[in-house]
Amino acid sequence: MDTKNIKNAVDPQFFKEHQESLYQALEDKHTTIELMDEEDPLNTKMILNMGPQHPATHGVLRLILQLNGELIEKAKLDIGYLHRGVEKIAENKTYQEFMPYTDRMDYLSPYSNNVALCTAVEKIADVEVPERAHYIRMIGCELARISSHLLWLGTMVMDAGAVSFFIWTFREREKLYDIFDNIGGHRFTISHARIGGVANDLTDDALAMIKEFVNEFPKELNDFHGLLDRNRIFFDRNREVGVLTPERALEIGATGPTLRGSGYAYDIRDFEPYARYDEVDFEIPTRLEGDNLARYYVRMEEMQQSIRIIEQCLDKLPKGPVRTDNAKQAYPSKDEVYYSMEGMIHDFMMTDTGICPPEGEESYHAVEGPKGELGYYIKSDGTGHPWRLSINSPSFKNLQALEDMLDGEMVADTVVIIGGVDPVMGEADK
Amino acid sequence: MEPVTTTSYIVLGIALFMLLNSAAIAVYAERRVSAFIQNRLGPNRVGPLGLFQPLADVVKLLLKEDVTPAKGFKTIHAIAPVIPVVTALMTVAVIPFGDGLYVTDINAAVLYLLAVNSLGVYGVTLGGWASNSKYSLLGGLRAAAQMISYELPMGMAVASCILFSGSLSMIDVVNSQEIWWNIFRNPIAAVIFIVAAFAEANRTPFDLVEAEQELVGGFHTEYSSMKFGMFFLAEYMHVVIGSMLITTFFFGGYHLPFAGYWLPEMGSTMKMILDVSVFTIKTLFWAFTFIWVRWTIPRFKYNQVMKLGWKRMLPISIFNFLILAVLIYGYHHWLG
């Protein structure tokens, strides 16, 4: 197979050596594409480099497309432009210290990431979490899911050309940010969960805001449905675009709405319930078509289900502590820290050493993030730092399916399909 | 063709002045209307209600660095933005703004309009090609294909209006609508013409020439400074001209609805003011619709645009033309 040497085909103008080494790196990564056929007299074929700096690739995703006219013959994916080495950072942090980094992984649903880390640590260190904390976590996770899906909706529809939608969904997200602000003191990277519970109880304000949101949001969701479901252009742009068959989805390891859109009803909340998902009643929206429209319906229905879960959580919300009362496993409450010597020592020790899972223990625990199975694998050496922490991120897995989906589609579909897969590069590149 | 009179020059001067300004106002309107649609405020800092925002925009564009791609075709890259502006300005020559208020009355005005209107795409295509950028090239190619596909149904829709006026002069086209606007007599062609006008103006849902999300900026990816400003200006002038053409061909031009039945005789000055106001209001309404549509619905895909143009609109417009022709012939020869 003849390959085209990118190095010869481009003429770097700025900092030649650096550019050349970059292109050489690309060669080594096999991101080059076969040389164009000699028998192409009309010159209809072209290689288009999309990204990493591109308005619609959701961050720094890079696509290299081999085009025939407007048709994509072959697509190559290049990720890693947002690699920050968070897994390595984790090895130098205590478990609790690492939590703010998880916020910045899938930065559209920080709460799910916090909970994913906490549950994984709680599993390996065998920590009991109070009942109320479970429910607060569920509320937070579902709010994060709605927030993430709203951003997906806005960007995906904007990629299809309707710009205003983005702003309408952001108005709703703004309300969610205000709620998070009231829950944990942060609008965006909330870091509210703690190992052994949550940082603080929900305030009355926060509860009232959540209730109001739960009441108001279904109406907005109906409006979104009304604008899109019967919109011929939106429908045509998404139906039978980026089809992923169930077999292929499983082979690749797609997860979350991408997998459920392909007809496989896998949701960790139902298969291996964590927190108290086994005590609430909800459905797993699944579609059989596997196209972009299916993914749209799955996510839209998931938002409805999230509202349902939050409503049930609010009804069932038990009274009690929000963090486990064991100073070896979790931070003591601030009252203890301020007014007792032991409390202060424990607080100090938690910050300095942190929770120490048994030596040699390893465990994997996954939660259902908005984008799919978000799992943390932890190997402990008995100290307060993980010996190895690796993250199974849904965006990374779903991106694997992208090359498959893009082959044979049109240039205009790329952005819609990327939108439909909903990758977050912070999570995919880690 | 009528001799060129002083009125012609006055109308031409005012019309050109207004058209250039209307583009600026359309930019402001677009930003305010889109803000209104999106629950925002829009520009409201420069001057009263932000009305001087277009001025600030122009100053900004003038002061920006003018970048030409190193491997682009510099001459064509510089000429291309001028073409759509010039062709857009040329169209005002034959549009009647009021009773007797027109620059010139040529007997093939409709053909002239269609010809000049479609020349504008040369600027887009050449600009896309001369930029030596793949995104620009794709945008330029899309523009060319789209223009050809929509010129035909548009021509057929206009032709079916000509059946009513029996003349290719724009003055006659408007005067034939004094009682019955063409939208009532010929609704199918009206719909086709409006859709085609959106496509010709490269506005959503047909803005795949620019397609900000997939082609970055389409044909103007590599344009900056006032060269980009020219394309920008041309886009909004096309919106205004598209609105004027929709008004002229299907919404009775400067005539009020069924004016022939009820509108009393009035002095020439009064009539002039009334005509121009009516024409302006209709144009404004359609310009608003252009903006409204742009900020509400998604964009078509390239193959869908082609399918719509060739498989739906073209056959419908041809059949519409044929059926109308038979009906009108029958009306005049057997009934009338």
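Select A:Arg260 to begin: at 0% relative accessibility this residue counts as buried (buried means under 20% relative accessible area, exposed over 50%, partly exposed in between, with a 1.4 Å probe and protein chains only). The model is predicted: local features need pLDDT of at least 70, side-chain atom pairs count only at pLDDT 80 or more, and totals for chains, interfaces and linings use all residues. Residues are numbered from 1 along each chain as its sequence is written, chains are lettered from A and ligands numbered from 1 in the order in which they are written, and side-chain values use heavy atoms, leaving out hydrogens and water.

A:Arg260 and A:Glu368 form a salt bridge, with the closest N and O atoms 2.9 Å apart (a side-chain nitrogen of Lys or Arg within 4 Å of a carboxyl oxygen of Asp or Glu). The pair links distant parts of the chain, 108 residues apart: A:Arg260 is in helix 11 and A:Glu368 in strand 6 (helices are DSSP runs, H or I, of at least four residues, and strands are E runs of at least two, numbered from the N terminus).

Next, select A:Glu216 and A:Lys219. Their salt bridge has its closest N and O atoms 3.8 Å apart. Both lie in helix 8 (residues 204-228) of chain A, and because they are three residues apart, about one helical turn separates them. A:Glu216 is partly exposed at 35%, whereas A:Lys219 is exposed at 52%.

Move to chain B and select B:Arg294 and B:Glu235, whose side chains meet in a salt bridge of 3.7 Å, N to O. B:Arg294 is buried at 17%, and B:Glu235 is buried at 11%.
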